[in-house]
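Please read the points below with the model open beside you. They take up a helix, aromatic contacts, a pocket and some backbone angles in turn.

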Amino acid sequence: FTQLFKWVNNCKYLNCVNCSPDWETKVLEYFKEKLKDNEAASWVPSLNDVPVHYLKANSLVKFRCFIQDMFDPEFYMGVYETVDPSSKSKVLRSGKYKDVAECGHQVDLNTKNAVTLERQTFYCVPIPGESPWVKEISFSYSCSNPARVVPSTSYAPCRHKRSYEEDEDMETQPHKQKEQLAGPQGTTDIHGSGDPKRLETEAPSSLSNAASGCSSPLDLNFPLPGEKGPACLVKVYEEWELFKVNDILEVYGILSVDPVLSVISEDKDSSLVDPMDCTESVEEQRVHCPPASLVPRLHMLYAHRLQHNNPLLPPAASEGQSSSGFLNDVVSVRGELLGYLTHVLLGDALAAEYLILHLISTVYARRDVLPLGKFTLNLSGCPHNSTYTEQLYRVIQQLIPSSFRLGMSLHNMNNLRLVPRKDYTANRLLSGVLQLAPNTSLFLDETQLEQGQLDSTGVRNITALGNLISWQKVDYDFNYHQMEFPCNINVLIASEGKSLLPCDCHVRLQPQLAPPNLEQYISTIQVSLSPSLLNKFRIYLSLLRTLDYSISEEVTKAVEDDFVEMRKDDPQSISAEDLHRLLVVARLLSLSVGHTTLSRDRWMRAKHLETLRTNRTEQQKCVNGNEP
């Protein structure tokens with residue numbers, strides 16, 4: 001595999017257009033074949049873990065990322081001709097997988113042998129809301145790699161002269177939104193791992209302009225506040241139509257951090273700028289050509305869409321012996337997880353059952369506009385004047401690969417941009433809080449609600465949350481029209497009374513315990529959990545989302561007969577909506593024990609749980625008549 005690195009770093013074949021007419025195909029086939037081997041792929045340094053200035057230009061790297069935006073296709077010199085000033089000899093060179101023509105020779109711009117080609121550019125950022133444990137495990141894998149990139153005392157990093165700290169100092173607006181989103185309980189540092197070894201990989205994020213709609217030249221446009229990590233311009237040469245905005249990818253490509261790119265970004269009138277690029281406005285030029293030290297370029301050789309970002313599972317979680325072997329222990333792991341969540345939910349085993357079902361739910365299909373499989377859970381009865389919701393979120397964050405907690409205070413609802421918006425001046429998509437990766441867990445904290453008036457922004461934000469919950473879609477704002485973007489986001493609503501937002505299932509929390517210090521109580525539970533068992537929980541919740549599910553004709557007939565029987569005595573006792581929820585609960589219950597088909601026992605168990613839940617709700621109505 002060392003030959004692979006030498007081959008890429010020297011870029012012998014990338015510059016030779018006369019070697020073979022099908023050299024490009026051979027390049028791609030070579031990399032795809034090599035990178036099918038997971039062990040070989042692990043040798044490639046990751047932009048998520050290694051600081052850019054420790055990586056050599058034109059080296060092979062990978063990047064686990066989220067497609068935040070897609071720019072317009074760009075033209076580049078696919079083949080160009082250089083002239084030796086002394087001998088006047090001409091050589092054809094390839095412009096593929098690079099941003100700047102090779103120095104040392106004159107480029108003949110008038111030659112008939114030049115070929116102009118097209119490529120696409122994706123603006124990619126780290127996966128929004130990726131949990132600290134995901135980053136730490138991925139980082140530990142890279143540290144255990146014998147080919148790990150380490151600082152070199154003999155290598156001078158290829159980067160622009162301006163320091164990283166100066167880049168950070170040039171941010172023009174104060175950072176406020178991070179505190180706004182977290183709410184008054186101070187849960188601001190929910191995405192940082194606190195690992196000093198990772199600090200050099202972090203890039204600044206100017207998200208204070210999210211509410212105002214301004215687009216700062218150095219705003220990395222992360223969807224969520226407090227995000228750290230590199231943004232990257234990924235150059236795609238083929239089959240870019242297979243990817244779409246909001247996909248999560250693992251990209252393998254050639255790193256380009258030429259300092260000339262930074263010069264171009266600062267001096268639009270420079271002679272180094274391609275004349276064809278001068279049709280862009282100044283604002284668009286700054287956004288589309290940021291300093292390479294801040295936003296490196298990655299020329300894609302190979303990429304695959306990720307089903308998930310859990311490093312404890314293979315990229316395709318349904319494959320591999322480790323996954324199939326784990327299913328043999330799924331019942332015991334479920335029992336342990338149920339016990340753990342019961343303690344976290346203050347002894348409420350019924351709420352713990354429904355929380356497990358929520359955490360393994362996912363949109364598996366769409367029928368017309370109806371998303372199938374979603375299971376938004378409203379957990380009411382949460383204490384208003386305590387840190388319980390914050391502690392509950394931190395427990396969930398330790399289990400789920402990607403999550404975010406949104407405090408629904410009046411200030412947040414009236415000031416935050418939840419829905420992405422198109423900025424036509426800079427020709428970019430300004431990110432919003434609801435631009436999230438598939439299977440992200442969105443924790444809505446309604447206990448922060450207070451009296452006050454929602455303005456027009458607040459009404460739009462509440463409407464956007466309702467549409468997300470009901471239809472699993474977000475309508476991005478393109479000024480003159482809206483564009484639907486389907487999504488797959490697990491929404492958990494923590495509230496004091498029943499939520500003002502729609503939900504698929506409402507469970508009233510009934511604590512059996514009253515610890516004097518909630519924070520210390522939850523912390524003790526988390527500390528007592530062994531790392532090996534915690535990792536089993538993480539595998540369990542990610543793996544079960546990927547399983548297929550079906551219902552046999554025999555069970556379907558039994559369910560239909562049961563539904564008719566339930567309505568026989570009292571037609572109002574159960575509606576079609578109740579039946580749909582029963583089927584969703586039965587499906588999730590089956591998957592929670594590793595079964596991919598519905599059995600009569602699981603159906604009866606689902607009915608029993610629903611009876612317990614509805615009885616609890618009816619009892620609460622009697623106690624508190626103003627809660628529906």
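1. The expected span of a helix is 1.5 Å times one less than its number of residues, and helices (H or I, at least four residues) and strands (E, at least two) are DSSP runs, numbered from the N terminus. This is a predicted model, in which local features need pLDDT of at least 70 and side-chain atom pairs count only at pLDDT 80 or more, while totals for chains, interfaces and linings use all residues. Residues are numbered from 1 along each chain as its sequence is written, and side-chain values use heavy atoms, with hydrogens and water left out.

2. Helix H18 (residues 576-592) has 17 residues and reaches 24 Å from its first C-alpha to its last, which is close to the 24 Å expected at 1.5 Å a residue. Twelve of these 17 residues are buried, so H18 is largely enclosed by the rest of the structure; buried means under 20% relative accessible area, exposed over 50%, and partly exposed in between (1.4 Å probe, protein chains only). Among the buried residues of H18 are Leu-579, Arg-581, Arg-587 and Ser-592. Just after H18, Gly-594 takes a positive phi of about 85°.

3. The structure holds ten aromatic pairs, where rings of Phe, Tyr and Trp (its six-membered ring) pair if their centres lie within 6.5 Å, with planes under 30 degrees apart counted as stacked, over 60 as edge-to-face and the rest as tilted. In one of them, the rings of Tyr-30 and Phe-31 have centres 5.8 Å apart and planes at 85°, so the pair is edge-to-face. Tyr-30 counts as partly exposed at 29% relative accessibility, whereas Phe-31, at 1%, counts as buried.

4. The rings of Tyr-424 and Tyr-480 have their centres 6.2 Å apart and their planes at 45°, so this pair is tilted. The pair links distant parts of the chain, 56 residues apart: Tyr-424 belongs to the loop between strand E13 (421-423) and strand E14 (428-430), and Tyr-480 to the loop between strand E16 (473-477) and strand E17 (482-486). Tyr-424 is partly exposed, with a relative accessible area of 41%, while Tyr-480 counts as exposed at 75% relative accessibility.

5. Tyr-76, Tyr-97 and Tyr-237 form one aromatic cluster. The charged end of Arg-119 sits over the ring of Tyr-76, 4.5 Å from its centre; the criterion is that NZ of Lys or CZ of Arg is within 6 Å of the ring centre and within 35 degrees of the ring normal. Arg-538 lies over the face of Trp-133, at 4.1 Å from the ring centre.

6. Which residues lie nearest the centre of the second largest pocket? They are Lys-244, Asn-246, Asp-247, Pro-438 and Asn-488, from a lining of 45 residues. A pocket is an open set of points on a 1 Å grid over the protein atoms alone, where a 1.4 Å probe fits, with protein on both sides within 12 Å along at least five of seven lines, and lining residues have an atom within 4 Å of a point. The largest share of this lining, three residues, comes from E17.

7. Asn-427 is found in the loop between E13 and E14 and counts as buried at 15% relative accessibility. Gln-472, in the loop between helix H14 (456-471) and E16, is buried as well, with a relative accessible area of 1%.
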